[in-house]
Each structure stands twice: as C-alpha cells, then as structure tokens.
Amino acid sequence: MIEVKQLTKAYGDKRVIDDVSVRIAKGQITSFIGPNGAGKSTLLSMISRLTAKDAGEVRIDGKEVGQWASTELAQKISILKQSNHINVRLTVRDLVSFGRFPYSQGRLTAEDWSHVDQAIAYMELQELQHQYLDQLSGGQNQRAFITMVIAQGTEYVLLDEPLNNLDMRHSVQIMKVLRRLVEELGKTVVIVIHDINFASCYSDYIVALKGGRVVKEGPVEQIIDTDVLREVYDMEIPVQTIDGNRVCIYFK
C-alpha cells in the first residue's frame with residue numbers, strides 16, 4: 001500500500017499540493033483526475049521521490065519513501081513522466097532494456113533479456129523493436145517508454161498521462177495492458193489521466209483533485225457523478241450508463 005499523509009509542496013507562494021492525504025490500495029488501478037494545475041503530476045512525482053516534499057510523508061509498504069535505498073526503491077516502484085527525451089540514438093529494444101538497470105546495473109543477464117522480450121510482446125512492439133526512436137511517431141515513442149517501465153518489473157507502476165500522443169486504438173491498447181498488469185500480474189497501477197471516460201471504464205478507484213487538494217476519492221461509481229464532476233471541473237457533465245460503464249457526456 002502507498003500511504004500519503006498531509007503532503008505539501010509549494011513553489012514560491014503557491015501551494016501546488018496542499019495537505020493531501022490518500023491511501024492507494026494494492027492490486028488495482030487508481031486514477032488521479034482533475035483540471036490543469038490541480039497538482040496531479042506533482043503528487044505522482046512526490047510519491048516516487050522524484051520531487052522533494054515540503055511537508056508530510058509518503059509510505060510505501062509501511063516504509064517512508066526517503067528511507068529506501070535508491071536501487072531498492074527502483075525495484076519497488078517505477079514512474080514514467082510526461083516528457084521523455086533521450087539524446088542518445090537508441091533502438092526500441094535498447095530503451096526497453098534500460099528498465100532492467102536497477103537489477104543489472106547495465107550488465108544484462110539472460111533473465112533480464114527475458115523480461116525485455118516479455119515486455120515487448122506485452123505491448124505488441126515486436127515489429128518495431130529494432131527501429132530507432134527517432135524513426136517512430138510520437139505515439140510509438142510513448143508505447144516504447146511504457147514498455148520500458150513494464151520491463152522494470154516493479155510492484156508499483158506510476159504513469160503520468162500515459163495516453164499522450166496516442167490515437168484511440170493505442171489508447172485502448174494501453175489501458176487494456178494496464179488492466180492485465182493488475183489482473184494477471186498483481187501490479188498496482190497509479191495514473192494521471194485527463195480523459196475521464198478512460199478513468200471511468202478502466203479504474204478501480206479515482207482520486208479527484210483541484211487546486212492542490214483532494215475534492216473527493218472513492219470507487220468509480222462515487223466519483224463519476226454529475227455533482228462531483230461539477231465541483232471538480234466547474235461544468236455540467238451528464239453521466240450515462242452504457243454497457244455497464246459510466247460515460248461522461250462532456251462535449252456538448
């Protein structure tokens with residue numbers, strides 16, 4: 001379990017995370033939703049220790065995140081940020097192999113390469129694995145970076161807007177893969193996501209943020225609700241049930 005207690009982060013006079021407490025249960029997809037500037041990405045970054053907190057604490061399986069050795073933490077929790085730029089010319093397979101660094105320190109074993117192959121197959125990137133990243137589309141690049149995170153083999157997988165640059169088909173593919181990671185491999189997935197319909201259809205639990213604070217959290221049926229969404233997004237969002245999923249009609 002990930003436990004966030006009274007977490008605070010400020011830049012100058014602006015608190016981007018303001019006394020946030022939340023518990024993320026194991027073995028499910030938890031989505032952070034909310035408008036731009038809500039603090040979603042900052043919260044995710046602090047959970048992974050990429051961004052220092054000003055106050056509060058983050059505990060991963062009962063241990064404060066600052067007490068984890070870097071290598072141990074990298075074997076426990078992985079994160080993919082929004083912007084990923086690598087200046088070295090790499091193939092997809094080379095990039096995915098970086099996910100094994102916490103275990104191999106750059107000297108990959110047969111077991112490491114097996115994890116790489118499994119991740120590439122999981123993401124259906126076999127045909128692209130020997131192409132260079134600069135030969136790929138933005139969506140193909142995004143899929144390659146997500147594959148690297150899967151190869152890292154951590155119990156906790158944190159993804160910041162993983163559907164960036166992806167078309168509808170590949171967005172659905174990514175979300176289905178995340179569900180498989182939870183249901184088949186027992187992973188715990190935490191995502192920042194803007195499309196509330198993807199959050200609704202694929203999440204187990206949703207945390208809605210606004211202005212650096214948690215507005216409401218709970219199972220999908222409690223959050224994908226017109227009254228809650230009005231408070232979060234300042235707009236009227238009708239919700240309909242289609243094939244058992246709560247779908248937001250926000251484009252009218």
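Phenylalanine 98 lies in the loop between helix H3 (92–97) and helix H4 (101–104). Helices (H or I, at least four residues) and strands (E, at least two) are DSSP runs, numbered from the N terminus. The model is predicted: local features need pLDDT of at least 70, side-chain atom pairs count only at pLDDT 80 or more, and totals for chains, interfaces and linings use all residues. Residues are numbered from 1 along each chain as its sequence is written, and side-chain values use heavy atoms, with hydrogens and water left out.

At 44% relative accessibility, phenylalanine 98 is partly exposed. Buried means under 20% relative accessible area, exposed over 50%, and partly exposed in between (1.4 Å probe, protein chains only).

Helix H6 (residues 138–152) has 15 residues. From its first C-alpha to its last, H6 reaches 22 Å, close to the 21 Å expected at 1.5 Å a residue. The expected span is 1.5 Å times one less than the number of residues. Of the 15 residues of H6, 13 are buried, so the helix is largely enclosed by the rest of the structure. Glycine 153 follows H6 and has a positive phi, near 70°.

An open sheet of 6 strands shows mixed pairing, in the order S6-S7-S8-S3-S9-S10. Strand S6 (77–80) and S10 are the edge strands, each pairing on one side only. The twist averages 15° from one strand to the next. Axes here are lines fitted to C-alpha atoms, for helices over the stretch in contact, and angles run from 0 to 180 degrees between N-to-C directions. Two strands pair if DSSP finds at least two bridges between them. Strand S3 (residues 29–33) and strand S8 (residues 188–192) run parallel, joined by 4 bridges. Isoleucine 29 stands opposite valine 189 in S8. Strand S9 (residues 205–210) and strand S10 (residues 213–219) run antiparallel, with 6 bridges. Valine 207 has glutamate 217 in S10 as its bridge partner. The S9 and S10 hairpin has 2 residues between the strands, and glycine 211 takes a positive phi near 60°.

The structure holds 22 salt bridges. A salt bridge is a side-chain nitrogen of Lys or Arg within 4 Å of a carboxyl oxygen of Asp or Glu. Arginine 23 and glutamate 3 form one of these, with the closest N and O atoms 3.9 Å apart. Arginine 23 lies in strand S2 (residues 14–24) and glutamate 3 in strand S1 (residues 2–11), so the pair ties together parts 20 residues apart in sequence. Arginine 23 is exposed at 52%, whereas glutamate 3 is buried at 18%.

Lysine 9 and aspartate 54 also meet in a salt bridge (3.6 Å, N to O). Lysine 9 lies in S1 and aspartate 54 in the loop between helix H1 (40–47) and strand S4 (55–60), so the link spans parts 45 residues apart in sequence. Lysine 9 is buried at 10%; aspartate 54 is partly exposed at 47%. Salt bridges also link Lys26, Asp61, Lys76 and Glu155 in a network.
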